[in-house]
Each structure stands twice: as C-alpha cells, then as structure tokens.
Amino acid sequence: MESQVRIFSGTNSQYLATEIAEAYGTELGKIEVRHFSDGEICPVILESIRGDYVFLIQSTIAPADNLFELLLLIDSARRASAEYITAVIPYFGYGRQDRKDKPRVPIASKLIANLITAAGANRMMTMDLHAPQIQGFFDIPVDHLESSTTFIPFLKSLDLHDVTFAAPDVGGVNRARAYALYFNKEMVICDKYRKRPNEVSAMTVIGDVTGRNVIIVDDIIDTGNTLSNASDLLLAKGALSVRALITHPVLSGNAYETIENSSLSEVVVCNTVPLKHPSSKIKVLSVAELFATAIQNMYQHKSITSLFINN
C-alpha cells in the first residue's frame with residue numbers, strides 16, 4: 001500500500017494545523033493528550049500511521065510542555081512504525097540562544113536540535129529561524145521557509161510610496177536588505193545597545209528617513225520595547241509613518257499594551273504563534289497555504305526553494 005500524508009498537531013498549534021490540513025485537502029489526524037495528576041502528559045495518536053509520511057505540527061513557544069509534547073509525539077510516531085516523520089515547527093523556540101556569548105551558558109538551540117533528532121524525527125520544517133545557521137545544528141534535513149513569501153504580496157497590496165526599510169538592529173540587516181533589494185528601495189539600521197536581555201539602553205538610526213514611510217522588518221516581537229523605541233526614534237528623525245513586519249508574535253509581558261500605546265501605525269505578523277487576544281494595531285497573516293504546499297512538495301520530492309518569492 002502506498003504511503004499517505006498524515007498531519008497531526010500538538011495542543012498549542014491546533015488552530016494553524018487545522019488550516020494547514022484544510023489547505024492540503026485532508027483532515028487533521030486525531031490525537032488525545034492525557035494529563036496525569038502529577039503534571040505529566042501522554043499524547044496518544046488515535047489512528048494507524050504504519051508506513052505513512054507523518055507531519056507533526058507544534059510551535060515550541062514557552063512553556064516547555066509544548067516542546068516536550070512534540071518530542072513525545074515524535075517518539076509515538078516512531079514506535080507506531082511511521083515511514084517518515086517530519087517535525088513541523090512554525091516557530092522554533094530558544095532560537096535566540098544559538099551561541100556561547102559568555103562563560104557557563106548553554107547553547108539551547110543546539111540541545112533542542114539534538115533532542116528532536118534523538119526522539120526520531122527524520123526531517124524538520126520551520127520558518128524564519130532567528131539565525132539561519134541553526135539549520136547546521138541538526139543532523140537531519142531542515143526545510144527553512146521564508147515569511148517574505150507571505151509578506152511581499154501583502155506589501156504590494158498596500159501600494160505604499162516613499163518607502164524605506166529598516167532593520168531594528170545589526171542582526172536584522174540581511175532581512176531588511178532582502179526586502180529593500182526586492183522592491184529597489186533604501187534601507188536604514190536602528191543600532192541598539194543592551195545591558196541585559198529585553199532592555200534597550202541606547203538606540204541610534206544609521207541612514208536618512210526624512211519624509212519616508214518606514215517599514216521595520218524582524219523575525220520576533222517579544223516585549224515590543226525595541227519596536228516601540230525604534231518607531232519613536234524614526235519619527236523623531238523625520239519619518240512620515242512607521243509600520244513593522246514581524247514573523248513570530250511571541251508578545252510576552254506587557255507587549256500588547258506597549259504596542260497599543262506606541263507610535264507604530266501597524267504591526268503585521270504571521271500566525272506561527274497564537275495571539276493571546278486581538279489588538280487594534282496587530283494584523284495577522286496566515287502561513288497555512290505556504291506550509292501546506294511545502295508539505296506537498298516535500299512528500300512529492302519537489303523543490304522547497306521554488307516556493308520563495310525572493311529566490
């Protein structure tokens with residue numbers, strides 16, 4: 001019997017996995033996650049997957065139960081004799097801990113790559129890793145999708161004039177430059193300095209934004225403080241408006257209030273992470289079609305790179 005594509009979801013990503021399954025033209029597989037009184041969890045796949053291509057969808061955002069649930073699902077699929085297991089992780093948590101930048105700290109993203117591989121995954125599919133070189137932490141193939149495939153058609157629909165793209169820090173230069181090159185526009189850099197995590201001590205703008213509609217491009221919005229500070233600074237330097245394209249809306253702490261009270265015109269995000277509640281300034285774009293097509297191409301041994309607009 002020919003192998004079939006079977007799509008399942010962890011608890012945290014049911015909303016997106018359902019959209020992906022619909023876009024693929026199938027139903028989401030059935031899973032039961034049992035919770036014991038001591039806090040342990042036991043996800044059970046309720047259908048036979050013997051000999052099938054299994055795609056397990058779960059963003060590994062905090063709490064750590066989301067990651068552990070994914071690991072248990074991978075192990076369940078392996079022990080149920082799935083032919084090929086792909087961990088689909090729209091948002092790869094701990095991606096910011098990708099190097100040893102001070103003594104006696106872990107490289108968490110490498111550890112998680114080892115855990116996913118050891119659990120039994122044959123492949124990993126994700127979107128906009130904080131550092132693309134994290135792909136090298138995996139000893140299995142990684143399909144690294146790009147949110148620009150979703151954001152670029154959206155920007156074209158806005159028909160904005162006098163646009164300049166901005167990187168919120170030096171680490172985001174390549175992302176902003178890719179958009180600037182595609183649209184043949186200028187770019188600037190908001191250079192920031194931190195004394196401790198999630199706290200910006202100083203920021204300056206490298207480049208001219210006078211009379212420009214500025215679009216900040218980044219992979220993660222966490223507390224929202226960097227974006228808010230960057231928007232204030234860009235407007236003070238003469239920008240007409242500031243909006244942001246952010247792939248993963250982590251939005252921790254007081255992020256929603258920070259965005260609502262900021263000078264940003266709009267924050268456009270992907271649905272790789274579920275919003276805790278709606279916000280008048282946050283617009284959500286779905287990446288379900290992109291992931292569904294990537295799953296189809298992977299199953300049919302077709303190119304993933306061909307899906308990228310900026311290819």
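Q: Is Cys 270 buried or exposed, and what is its relative accessible area?
A: A residue counts as buried when its relative accessible area is under 20%. In this predicted model, Cys 270 has a relative accessible area of 0%, so this residue is buried. Cys 190 is likewise at 0% and therefore counts as buried.

Q: How many disulfides are there?
A: A disulfide requires two cysteine sulfur atoms within 2.5 Å. By this rule the count is 0.

Q: Which residues touch the most other members of the largest nonpolar core?
A: In soluble globular proteins, nonpolar side chains tend to be buried together. Here the largest nonpolar core has 41 residues, and those touching the most other members are Ile 20, Phe 55, Met 125, Leu 145, Phe 165, Tyr 179 and Phe 291. Helix 8 (residues 288–299) gives this core its largest share, 8 residues. A second, separate core has 29 residues, including Leu 56 and Phe 137.

Q: What does Phe 55 touch?
A: Leaving aside residues up to four places away in sequence, Phe 55 touches Val 5, Arg 6, Ile 7, Phe 8, Thr 86, Val 88, Ile 295 and Met 298.

Q: At what angle do helix 2 and helix 3 pack?
A: Angles under 35 degrees count as roughly parallel. Helix 2 (residues 65–79) and helix 3 (residues 108–119) pack at about 25 degrees, their axes 8 Å apart, and are therefore roughly parallel to each other. Among the residues making this contact are Leu 71 and Asp 75 of helix 2 and Ile 112 and Leu 115 of helix 3. By class, the contact comprises 7 nonpolar, no polar and 2 charged residues.

Terms used
Residues are numbered from 1 along each chain as its sequence is written. This is a predicted model: local features need pLDDT of at least 70, side-chain atom pairs count only at pLDDT 80 or more; totals for chains, interfaces and linings use all residues. Side-chain values use heavy atoms; hydrogens and water are left out. A nonpolar core is a set of buried Ala, Val, Leu, Ile, Met, Phe, Trp, Tyr and Cys residues joined through side-chain atoms within 4.5 Å. Buried means under 20% relative accessible area, exposed over 50%, partly exposed in between (1.4 Å probe, protein chains only). Helices (H or I, at least four residues) and strands (E, at least two) are DSSP runs, numbered from the N terminus. Contact means heavy atoms within 4.5 Å. Axes are lines fitted to C-alpha atoms, for helices over the stretch in contact, and angles run from 0 to 180 degrees between N-to-C directions. Angles under 35 degrees count as roughly parallel, over 145 as roughly antiparallel, 65 to 115 as roughly perpendicular and the rest as oblique. Ala, Val, Leu, Ile, Met, Phe, Trp, Tyr, Cys and Pro count as nonpolar, Asp, Glu, Lys and Arg as charged, and the others, Gly among them, as polar.
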